[in-house]
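Dear colleague,

I am handing over the structure below, together with notes on what was found in it. Please look at the sequence and the structure before reading on.

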Amino acid sequence: MVHATNAELQHFAELAYEKVRGKKSGVEFLNPALVRKQDLLDALQADITAVASLLERLGEVNASTDPKIAALARLVGKKHKGEKVLVFSEYQDTTEYVRIGLQLSGVQGVEAVTGASDNPTEFARRFSPQSNQNLGGMPEGKSEIRVLVATDVLSEGQNLQDARIVVNYDLPWATIRLVQRAGRVDRIGQQSEEVYVYTFDVGGGLDSVLKLRARIIERLHQSGVVLG
């Protein structure tokens, strides 16, 4: 979008607006009577200028050349070749981006599922048919999934223990999510003696600002004290 025309940007904005109007978006609109029109226009213009500057500095994000995608592709395509891998992200757009990136990297059997998917449980059955025998196992006429990229729509209430590998592509703000994600495979019915949980580091520069790792470690320790 860095070199997009005004018409292309307007079309992109219209699509984004229609998307957040959907019932599943979780977005609530502010009463327009509470905002002065000119103040809103000025704020929007300032945001547009700031975002355009960032895009110009960062350049185009391309899943085919993203080093983080490449590292994930090596993990699922080489280190754990042939094994089921469950990849979590907080964001719907990221799951689709990761799916495309892995497919471009040659990884087979990749799918993405989010809260916007029509039937998330069907994806769980395709990814983990053995542990979902009570739901009918593999859905008829569907292909089995080897690498499932998901938002936290699958972090609760799903049996995914045909896999033993969980990847946190990004770190959630709520640390309990880390436990819930691992709990999708580390549960009764898991046949492997070891379960692996990989987490991508947010990077020294960013972490020095957010202190995310320290906060997560502290919260996990607090949970351990309470729960054992």
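**An enclosed helix**

In α5, the residues Pro 120, Phe 123, Ala 124, Arg 125, Arg 126 and Phe 127 are buried (buried means under 20% relative accessible area, exposed over 50% and partly exposed in between, with a 1.4 Å probe and protein chains only). Helix α5 spans residues 120-127, and because six of its eight residues are buried, the helix is largely enclosed by the rest of the structure. Among the elements that cover these buried residues are the strands β1 (85-88), β2 (110-113) and β3 (147-150).

Please keep in mind that this is a predicted model, in which local features need pLDDT of at least 70 and side-chain atom pairs count only at pLDDT 80 or more, while totals for chains, interfaces and linings use all residues. Residues are numbered from 1 along each chain as its sequence is written, and side-chain values use heavy atoms, with hydrogens and water left out.

**The overall layout**

The protein has eight helices and five strands (DSSP runs numbered from the N terminus, H or I of at least four residues for helices and E of at least two for strands), and along the sequence they follow the pattern α-α-α-β-α-β-α-β-β-α-β-α-α. Of its 228 residues, 32% count as buried. Among the contacts (heavy atoms within 4.5 Å) with a separation of 6 or more, 74% are between residues 24 or more positions apart.

Leaving out residues up to four places away in sequence, Arg 181 touches Phe 88, Ser 89, Glu 90, Asp 152, Ser 155, Val 166, Asn 168, Asp 170 and Pro 172.

Pro 172 itself is found in the loop between β4 (165-168) and α6, and it is buried, with a relative accessible area of 0%. Apart from its neighbours within four places in sequence, Pro 172 is in contact with Glu 90, Arg 177, Leu 178, Arg 181 and Ile 216. The C-alpha atoms of Pro 172 and Ser 89 are separated by 7.9 Å, although the two residues are 83 residues apart along the chain.

About 720 Å³ of space lies in the second largest pocket (an open set of points on a 1 Å grid over the protein atoms alone, where a 1.4 Å probe fits and protein lies on both sides within 12 Å along at least five of seven lines; lining residues have an atom within 4 Å of a point). Of the 24 residues that line this pocket, those closest to its centre are Lys 19, Tyr 91, Gln 92, Asp 93 and Thr 94. Two or more lining residues come from each of α1 (6-21) and α4 (92-104), and α4 gives the largest share, with six residues.

**Aromatic pairs and a loop residue**

The structure holds three aromatic pairs (rings of Phe, Tyr and Trp, the last by its six-membered ring, with centres within 6.5 Å; planes under 30 degrees apart count as stacked, over 60 as edge-to-face and the rest as tilted). One of them joins Tyr 17 and Phe 29 in an edge-to-face arrangement, with 6.0 Å centre to centre and 75° between the planes. This pair links distant parts of the chain, as Tyr 17 is in helix α1 and Phe 29 lies twelve residues away in the loop between α1 and α2 (37-58). Tyr 17 is partly exposed at 43% relative accessibility, whereas Phe 29 is exposed, with a relative accessible area of 53%. The pair of Tyr 196 and Tyr 198 is stacked, because the ring centres are 6.3 Å apart and the planes lie at 15°.

The loop between α1 and α2 also holds Asn 31, which is partly exposed at 43% relative accessibility and has a polar side-chain atom 2.9 Å from the backbone nitrogen of Ala 33.

With kind regards

Methods:
Points joined across faces, edges and corners; volume = space filled by probe spheres on them. Polar contact = N/O pair within 3.5 Å; in protein donor to acceptor, adjacent residues only side chain to side chain.
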